[in-house]
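Let's take a walk through this one together.

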Amino acid sequence: MSPRERKMPKTMSGHDRSQLGFVQAVEASFGFLAREFGFRLVDMQPTFVRYESERTFVNVFHGRGSYELGVEIGRWIELDGALVEEKFALGDVIALDHDLSAVGYRSYATSGKEPLVRFVAQLADWTQRFGSRVLEGDPATFDSLRAQGARLSQAMLEGWRAERLRAAADSAWRRKDWGRVIDAYGEIEAELGSIELKRSERARLSYAQKRINDDHR
Amino acid sequence: MQAPGALGPGERTLLDRLTPDLGSPQANWARNAGVLRDEMASGAPIRDASVNPVTGDLENDTGFLRAERYLLQDRGRTYDPKTTFWSPP
């Protein structure tokens with residue numbers, strides 16, 4: 001590993017964050033974790049509260065830089081002889097069996113005390129209604145979450161790669177560089193399983209292939 | 001990330017450059033994006049810490065993290081799930 005490798009940036013919470021009452025809001029709304037699922041509170045900080053049971057853990061956070069509110073539910077798995085955390089966002093847990101828009105799920109971010117209390121209560125309600133199988137540590141549900149995460153991650157990465165290839169194809173089209181047009185659209189077709197060429201892109205690809213063939217006659 | 005062992009050999013954290021909380025998401029994002037652009041300019045690979053530990057797939061793609069990833073890919077960096085690094089073009 002290179003000594004120049006870097007980590008993604010993180011932001012430390014400021015001293016005044018405790019005034020927003022995040023910890024109190026979480027304690028007031030997430031009590032069901034202890035009552036119904038046997039969790040215990042193991043960590044309380046101005047922007048982070050964690051509960052653990054024997055098999056699973058729940059992180060409730062108020063983003064240190066983003067002020068985004070969120071819930072992660074996870075388990076411990078053995079990897080290369082060590083126990084590591086595998087965790088999933090509440091939205092992903094809900095999306096496993098439900099349409100997020102039908103549920104009304106959305107991301108929350110706030111730097112206000114009153115909305116913070118309301119949003120934390122809403123997150124707790126969703127966790128209680130839709131999270132029971134992961135809170136109980138059901139292995140099959142966690143495996144499904146991992147598979148869903150793989151699909152989403154691949155689709156995101158392929159979407160970005162497609163953006164770059166489309167830009168390259170567009171630029172090549174204007175330059176009448178038919179070979180590069182074929183390369184770029186062909187790469188999307190051959191390697192990006194979650195992306196489909198648009199009708200206009202297929203037409204460009206066909207045209208470029210015809211021009212290349214004509215040139216070689 | 002501050003826990004012992006959270007950093008691999010040869011890695012360093014950017015935490016010291018990201019304090020304190022500036023009091024609003026906008027101000028914090030402006031600062032974070034600036035730090036990230038500086039790091040990208042250095043050409044060093046950047047490890048994504050919010051990934052599935054088994055598959056390397058990207059997780060928690062919301063808020064600042066999504067914006068940071070977008071910034072990375074917008075500057076031509078590509079993510080490799082096998083190494084969990086964003087590498088320069």
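Leaving aside its neighbours within four places in sequence, which residues is Leu20(A) in contact with? They are Lys113(A) and Leu116(A), where contact means that the C-beta atoms, placed from the backbone, lie within 7 Å.

A quick word on what you're looking at. This is a predicted model, so local features need pLDDT of at least 70 and side-chain atom pairs count only at pLDDT 80 or more, while totals for chains, interfaces and linings use all residues. Residues are numbered from 1 along each chain as its sequence is written, and chains are lettered from A and ligands numbered from 1 in the order in which they are written.

Back to Leu20(A). You'll find it in the loop between β1 (6-7) and α1 (22-29) of chain A; helices (H or I, at least four residues) and strands (E, at least two) are DSSP runs, numbered from the N terminus. Leu20(A) is buried, because 20 other C-beta atoms lie within 10 Å. The scale goes like this: 20 or more other C-beta atoms within 10 Å of a residue's own make it buried, 12 or fewer make it exposed, and anything in between is partly exposed, with C-beta atoms placed from the backbone. Leu20(A) and Val117(A) are 97 residues apart along the chain, yet their C-alpha atoms are separated by 9.0 Å.

Now zoom out. Chain A is divided into domain 1 (15-137) and domain 2 (154-216), with bounds that come from an automatic or database domain assignment. The centres of these two domains of chain A, taken over C-alpha atoms, are 43 Å apart.

What about the inside? In soluble globular proteins, nonpolar side chains tend to be buried together. The largest nonpolar core here has 29 residues; such a core is a set of buried Ala, Val, Leu, Ile, Met, Phe, Trp, Tyr and Cys residues joined through C-beta atoms within 7 Å. Val26(A), Val58(A), Ile73(A), Val93(A), Val120(A) and Leu123(A) touch the most other members. Helix α5 (residues 113-130) of chain A gives this core its largest share, 6 residues. Apart from it lies another core, of 10 residues, including Leu165(A), Ala169(A), Val181(A) and Ala208(A).

Take Val120(A) as an example: beyond its neighbours within four places in sequence, it is in contact with Ala25(A), Val26(A), Ser29(A) and Leu69(A). Arg118(A) also lies in helix α5 of chain A, but this residue counts as partly exposed because it has 14 C-beta neighbours inside 10 Å.

Two loops deserve a stop as well. Lys176(A), in the loop between α7 (139-175) and α8 (178-191) of chain A, has a positive phi of about 60 degrees although it is not a glycine. With 10 other C-beta atoms within 10 Å, Lys176(A) is exposed. Over in chain B, Thr84(B) also has a positive phi, near 65 degrees, and is not a glycine either. Thr84(B) sits in the loop between β2 (78-80) and β3 (85-87) of chain B. Is Thr84(B) buried or exposed? It counts as buried, because it has 20 C-beta neighbours inside 10 Å.

Let's finish with a pair of helices in chain B. The axes of α1 (residues 25-42) and α2 (residues 63-74) of chain B come within 11 Å and cross at roughly 35 degrees. Axes are lines fitted to C-alpha atoms, for helices over the stretch in contact, and angles run from 0 to 180 degrees between N-to-C directions. From α1(B), the contact is made by Trp29(B), Asn32(B), Ala33(B) and Leu36(B), and from α2(B) by Phe64(B), Ala67(B), Glu68(B) and Leu71(B).

Note on methods. Contact = placed C-beta atoms within 7 Å.
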